[in-house]
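I opened this model to look up a few places in the chain and write down what I found. The entries follow in the order I made them.

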Amino acid sequence: MTDLDLTQRQKYIRNFSIVAHIDHGKSTIADRILEMTDTVSERDMENQVLDDMDIERERGITIKLNAVELKYQAHDGHVYTFHLIDTPGHVDFSYEVSRSLAACEGALLVVDAAQGVQAQTMANAYLAVDNDLEIVPVINKIDLPSADVTNVKAEIADMIGIDADDAVLTSAKKGTGIAELLERIVSDVPAPTGDINKPLKALIFDSVYDSYRGVVLSVRIFEGQVKVGDKIELMSNGKQFEVTEVGVMSPKAVPRASLMVGDVGYITASIKNVQDTRVGDTITLADNPTKQALAGYRKITPMVYSGMYPVDNSKYEDLRDALEKLQLNDASLEYEPETSQALGFGFRVGFLGLLHMDVIQERLEREFNLDLIMTAPSVNYKIILTDGTIKVIDNPSQMPDPSEIKEIQEPVVRAEIMVPKDYVGAVMELSERKRGQFQTMDYLDNYHVNVIYKLPLAEIIYDFFDSLKSSTHGFASLDYNISGYEVAKMVKMDILLNKEPVDALSFIVHEDFAYDRGRTIVQKLKHIIPRQQFEVAIQAAIGTKVVARSTVKAYRKDVTGPLYGGDQTRKNKLLDKQKRGKKRMKEVGRVTVPQAAFMAVLQMGDDDLKK
Ligand SMILES: Nc1nc2c(ncn2[C@@H]2O[C@H](COP(=O)(O)OP(=O)(O)OP(=O)(O)O)[C@@H](O)[C@H]2O)c(=O)[nH]1
C-alpha cells in the first residue's frame, strides 16, 4: 500500500469503548452493535458475547477485557472498521479499564435513563477524559416508565461537564437508537493517528492464556506495524519473543498478515507465562525499537489477601495446580504457599478486591471441584520496626512482637461517595465511624453531592459498602482509589479455642475497635461453632490480655430431633444436608470449626457492634 492508501485506511477506523456504571446496559448495547453490524448472526448470538466466562454471565459483570472488529457500512457510503473494546465494570478493575481506554479514541458513556449519573459513571468519564477520549453520551433504557431523559441530560451536563443535548437515546433492550449510535461513532469518534513508518509501538491492554497458542495479547498499534516472524520486545522487562500469529477478533480469532498503525487485534508469540505480559506494557521490535514506551504503565499489585486451604489436606497439590492455571489467565492474581497450624498447608492469595476474591474462589470450587476454607481477607500493613527496617505483612500471623514495632502504617483510599444531598449527613456519620477523614464536598448540581473522604482500606473491605447502601436507602454510589499509607494504631487480635490460639482466626484491628470487635466475634463464633462432645471455650485476646470470652456447651445436636412422626425421606434429606455442610468443617485441635467461622470477622456489621 502507498502512504496515501495507508492514511485512507486509518481514516476509516474507529476505536472505542463503552463505559457505564454497573447494570446501566453496557453489555446489552455491545450486543446490539454486534448484531447490527452482522458480526454475529442472531442465531449464533449467545447472550452477551463479550462477557465470555460463565461466572461473568451469571453475575452479569464483565471481568476479562475483550475487543472485537466490526465492519459498518455508514450512510456516507464508506465501510468503516470498528474496534469495540470491552472494559470491566467494577472498581476492583479500574486500572484495566484505564488501559483499555488508552487503546481507544472515543468512549460511549452509557447512562441509565431512570437511574441517572452514578459514581462509576463519573469515575469512568474522568478516566476517558484523562485518556483524551471523545465522549459520546448515550442515555439507555428509555423504554422504562421511570425514564427521565431531560433530567439525565441535565445531570450529565452539570455533574460531568459534557454537553448532553444531543445524547444518543437508546433502548438496548428493544434495539431503539442503535442505528443512530453507529452513525455517531463514525461522526464523533476521531480516526486514529500515528505513523506506519515509525518503529513499532503497541499497547497491551489484555492478555489471556490459551493452552495451544500460549499467551494471546490484545494490543492496540500506535506506531509502525507487526507481522508473523517479527522479534518483539516487551519494554517493561526486556523479554523478547518471536511472533507466531497476528490477527483480529471478529468475534472469533481471524489471523491476518500484519497489524498496522491504528489497528486493534491480537498477537501470539509462544509466550508461556502471562506474568511476563503485564497489561499496560508497550511492545516494540527487538531490532528496531521505539525510543519511548507509552505512558501510564504500572505494575498492579493486589490489595486484599486471604489464606486459602483445601478442606481435604490431600488436595493441596490440586489447589496449587488450579491456582497456577487461573494465574495463566489472570496476571493480577498472586499466591504463595503458607502454612497454618490450624488449617495445614495452603496458600496466601492476593486479589485486586473482594469481588475478584469471590470470583476466584467460585472458579476454584466450580471449575476445579475443590472445597476450600478461606480466611478473612486482610490488607497489607507496613510495619516500621524499632531498628528502622520496614516489614510488609499481609497476614496477621506475621505480625512482629509489639515490643519490636515502632509504628504500623495501613493503606488508605480516597473515596468518592455520590449521594442526593439529603443523605450527606448519613454518609458523613458512617464515614466518621469508619475512621474516615473528611476531605471535601462538591455540589454536582442542585441535588447531588460528591462527598470525599480518606478512609482506611481495611474498613472499606469490611462492610462499608453494605452499610453505605443501607444508610442511604441504596442511593449512594462509591468509587475509590488507593492514595497511600498512614500511621494507624493497629493491634493483632488472637482467637483462642480451649486456650489454644487458632492462627487462621486472628485478625488485625484498630485499637479503638478492638474491644467491640473482640466481643462481637466471640458471640458470633459461639453460634457458628457447633456443639461438640466437650465444652469449647472461646476467647479473644490482645497479647496476653483476654478481652472477651464465651463457651459452647457440650452436646451434639441431632438435626432430625425436631421432626415429628417417621417421615424417613425428610429425615434423610436433613442428614444429607448436614453431611454436605460438614465438608466445609475443619478439625482445629479437637474442635470442629465450620468455614463460616473464618469469615465471621467480615460479617460484623454495625448492628452487631451496637449490641
Ligand atoms: N428496560 C431496559 N433494560 C435494559 C436495557 N438495556 C439493558 N437492560 C437491562 O439492564 C440489565 C443490565 O444490563 P447489562 O447490559 O448487563 O449491563 P452492564 O452495564 O453491561 O452491566 P455490567 O456487565 O455488570 O457492567 C440487564 O438486565 C439488561 O437486560 C434497556 O434499554 N431497557
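**Entry 1: a loop residue**

I began with arginine 590, which sits in the loop between strand S32 (585-588) and strand S33 (591-594). The model is a predicted one, so I keep that in mind for every entry. Is arginine 590 buried or exposed? I counted 12 other C-beta atoms within 10 Å of arginine 590, and the cut-off for exposed is 12 or fewer. Arginine 590 is therefore exposed. I also looked up its distance to alanine 202: the two C-alpha atoms are separated by 58 Å, and the residues are 388 apart along the chain.

**Entry 2: the whole chain**

I then stepped back to the totals. The chain has 611 residues, and buried residues make up 47% of them. Its secondary structure comes to 15 helices and 33 strands. I looked at contacts between residues at least 6 apart in sequence, and 69% of these join residues at least 24 apart.

The chain is divided into domain 1 (3-188), domain 2 (201-285), domain 3 (304-374), domain 4 (381-488) and domain 5 (492-602). Between domain 1 and domain 2, the contact takes 19 residues from domain 1 and 15 residues from domain 2. On the domain 1 side, at least two residues each come from strand S1 (13-20), strand S2 (67-73), strand S3 (79-85) and helix H4 (94-102). Which of these gives the largest share? H4 does, with 4 residues. By type, I noted 9 nonpolar, 6 polar and 4 charged residues on this side of domain 1.

**Entry 3: helix H4**

I stayed with H4. How many of its 9 residues are buried? The count is 9 of 9, so I wrote the helix down as mostly covered. Among the buried residues are Tyr95, Glu96, Arg99 and Leu101. The buried residues of H4 pack against S1, S3, S4, H5 and strand S7 (201-210).

**Entry 4: a sheet**

Next I traced an open sheet of 6 strands. Its order is S2-S3-S1-S4-S5-S6, and the pairing is mixed. The edge strands are S2 and strand S6 (168-169), and each of them pairs on one side only. Strands of a sheet pair through backbone hydrogen bonds, either parallel or antiparallel. In which sense do S1 and S4 pair? They pair in the parallel sense, over 5 bridges. Isoleucine 18 stands opposite leucine 108 in S4.

**Entry 5: helix H6**

Helix H6 (residues 149-160) has 12 residues. From its first C-alpha to its last it reaches 16 Å, close to the 16 Å expected at 1.5 Å a residue. In H6 I listed Val152, Lys153, Glu155, Ile156, Met159 and Ile160 as buried. Why do they line one face of the helix? Seen down the axis of H6, these buried residues fall within an arc of 160°, so they line one face. An α-helix has 3.6 residues a turn, so residues three or four places apart point the same way.

The buried residues of H6 pack against strand S4 (106-112), helix H5 (119-130), strand S5 (134-140) and strand S25 (448-456). After H6 comes glycine 161, whose phi is positive, near 85°.

**Entry 6: valine 216**

I moved to valine 216, in strand S8 (residues 214-223). Valine 216 has 23 C-beta neighbours inside 10 Å, so it counts as buried. Beyond its neighbours within four places in sequence, valine 216 is in contact with Ser207, Val208, Asp210, Tyr266 and Thr268. Valine 216 and valine 152 are 64 residues apart in sequence and 40 Å apart in space, C-alpha to C-alpha.

In H10, I found Val427, Leu430 and Ser431 buried. Seen down the axis of H10, they fall within an arc of 95°, so they line one face of the helix. On the other side, Gly425, Glu429 and Glu432 are exposed. Strand S23 (405-420), S25 and helix H11 (457-471) are included in what covers the buried residues of H10.

Lysine 434 lies in the loop between helix H10 (424-433) and strand S24 (437-443). Is lysine 434 buried or exposed? Lysine 434 is buried, with 22 other C-beta atoms within 10 Å. Leaving aside its neighbours within four places in sequence, lysine 434 is in contact with Leu455, Glu459 and Phe464. Lysine 434 and alanine 458 are 24 residues apart in sequence, and their C-alpha atoms are 9.5 Å apart.

How values were computed. Residues numbered from 1 in each chain as written. Predicted model: local features only at pLDDT ≥ 70, side-chain atom pairs only at ≥ 80, totals over all residues. Expected span 1.5 Å × (residues − 1). Buried ≥ 20, exposed ≤ 12 C-beta atoms within 10 Å, placed from the backbone. Arc of directions from axis to C-beta. Contact = placed C-beta atoms within 7 Å. Domains from an automatic or database assignment. Nonpolar A, V, L, I, M, F, W, Y, C, P; charged D, E, K, R; others polar. Pairing = 2+ DSSP bridges.
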